[in-house]
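Subject: Handing over the structure

Dear colleague,

I am passing on the structure that you will be working with, and I would ask you to keep it open beside this message while you read. My notes on what was found come after it.

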Amino acid sequence: MAHPTQLGLQDAASPVMEELLHFHDHALMIVFLISTLVLYIMVAMVSTKLTNKFILDSQEIEIIWTILPAVVLILIALPSLRILYLMDEINDPHITIKAMGHQWYWSYEYTDYEDLGFDSYMIPTQDLTPGQFRLLEADHRMVVPLDSPVRVLVSAEDVLHSWAVPALGVKMDAVPGRLNQTAFITSRPGVFYGQCSEICGANHSFMPIVVEVVPLEHFENWSSFMLQDA
C-alpha cells in the first residue's frame, strides 16, 4: 500500500514484482552514474583553463565513447528482456479468474466454478468504516489463494479499461471484444489495492481493484460460502 511522501515503489507481493524492483534499482544506479559523469565533465570543461591537444582530436576517446554507451544499453536491455518474458509465462495455473471492466465497476467470474461470480463496486466515502481507504475499497474483493499460480482473463464490455495491481506487478488492458490474459503468484497474504489505469470516462477514478490473498483453506471456505449464498 502506497503512503504519502513515499519515494520508492510499493513493497512487492509477488516474485515478478520483486524482479521489477531489482531492475528499477539496477537501472536507477546506471542513470545516477551517467548523470554524475556528465556533470563532472561539464564542470571540468567550464572551470579548467587547461587544454589537452589529445582530447581535441583523438581516435581512442571516440572509440571509448561509442562502445561505452552500447555496453550500458546491453546491461539495461538483457535483464529487461528477461523480466518481460517472465511476465508472459503462464504455467499450469491453479485457478482462472475472468475480470470484466464496465463503466464503472469490475465483475469477476471464477471459471473453475459453476456459479461463482460477482460485481465489485467502490464503497462510497460516506459508507466507509474506520481503517478503510477512500476511493480504494470495494464491496466485493477478488479473493485468491496464497502461493498458487493465478491466471486472470481481462476484457471489457463497453470502453477501454486496464486491470492493474502495482504490488503484484500486474497491469493488463481490458479491450472490448478481446480477451487478454496475465498471471501472478502471490508470495504473502494480505490485501492489495489497484485502480483502473486507462481513462474510461467520467467515473474512471471510482472503480478500484481489491485483491485479497488468503491461505488455501480459507479460500476454499470462502468459495463454499459464496456458492451457497449464490
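The notes below go through the annotated spans, the sheet, the salt bridges and the aromatic rings, in that order.

Please keep in mind throughout that this is a predicted model.

**Annotated spans**

The UniProt record, an unreviewed entry, places the feature "transmembrane region" at residues 27-51 and 63-85. In the model, residues 27-51 are 84% helix and 0% strand, and the end C-alpha atoms of this span lie 34 Å apart. Residues 63-85, for their part, are 100% helix and 0% strand, with 33 Å between the end C-alpha atoms.

**The sheet**

Further along you will find an open sheet of five strands, in the order β3-β2-β1-β5-β8, whose pairing is mixed. Strands β3 (117-120) and β8 (180-185) stand at the edges, and because each has a single partner strand, one side of each is left without a neighbour in the sheet. On average, and with direction ignored, neighbouring strands of this sheet are turned by 25° against each other. If you look at β2 (residues 105-110) beside β3, you will see that the two run antiparallel and are joined by four bridges. Y108 has F118, in β3, as its bridge partner, and both Y108 and F118 come back below among the aromatic residues.

**Salt bridges**

The structure holds three salt bridges. In one of them, the side chains of E19 and R82 meet at 2.9 Å, taken from N to O. E19 lies in helix α1 (residues 15-47) and R82 in helix α3 (residues 59-88), so this pair ties together parts that are 63 residues apart in sequence. Both ends are partly exposed, E19 with a relative accessible area of 24% and R82 with one of 46%.

E137, R141 and E212 are linked in a network of salt bridges. The side chains of E137 and R141 meet at 3.6 Å, N to O, while the closest N and O atoms of E212 and R141 are 3.4 Å apart. This second pair links distant parts of the chain, since E212 is in strand β10 (residues 208-214) and R141 is in the loop between β3 and β4 (142-145), 71 residues apart.

**Aromatic rings**

The count of aromatic pairs comes to eight. For Y105 and Y121, the ring centres are 4.4 Å apart and the planes stand at 25°, so the pair is stacked, a term used for planes under 30 degrees apart. Because Y105 lies in strand β2 and Y121 in the loop between β3 and β4, the pair ties together parts that are 16 residues apart in sequence. Y105 is buried, with a relative accessible area of 16%, but Y121 counts as partly exposed at 38%.

Terms used:
Residues numbered from 1 in each chain as written. Predicted model: local features only at pLDDT ≥ 70, side-chain atom pairs only at ≥ 80, totals over all residues. Heavy atoms only, no water. Pairing = 2+ DSSP bridges. Axes fitted to C-alpha atoms, helices over the stretch in contact; angles between N-to-C directions. UniProt positions renumbered as here; feature names shortened; annotations may be inferred. Salt bridge = Lys/Arg side-chain N within 4 Å of Asp/Glu carboxyl O. Buried < 20%, exposed > 50% of the residue type's maximum accessible area, 1.4 Å probe, protein only. Phe/Tyr/Trp six-rings, centres within 6.5 Å; stacked < 30°, edge-to-face > 60°.
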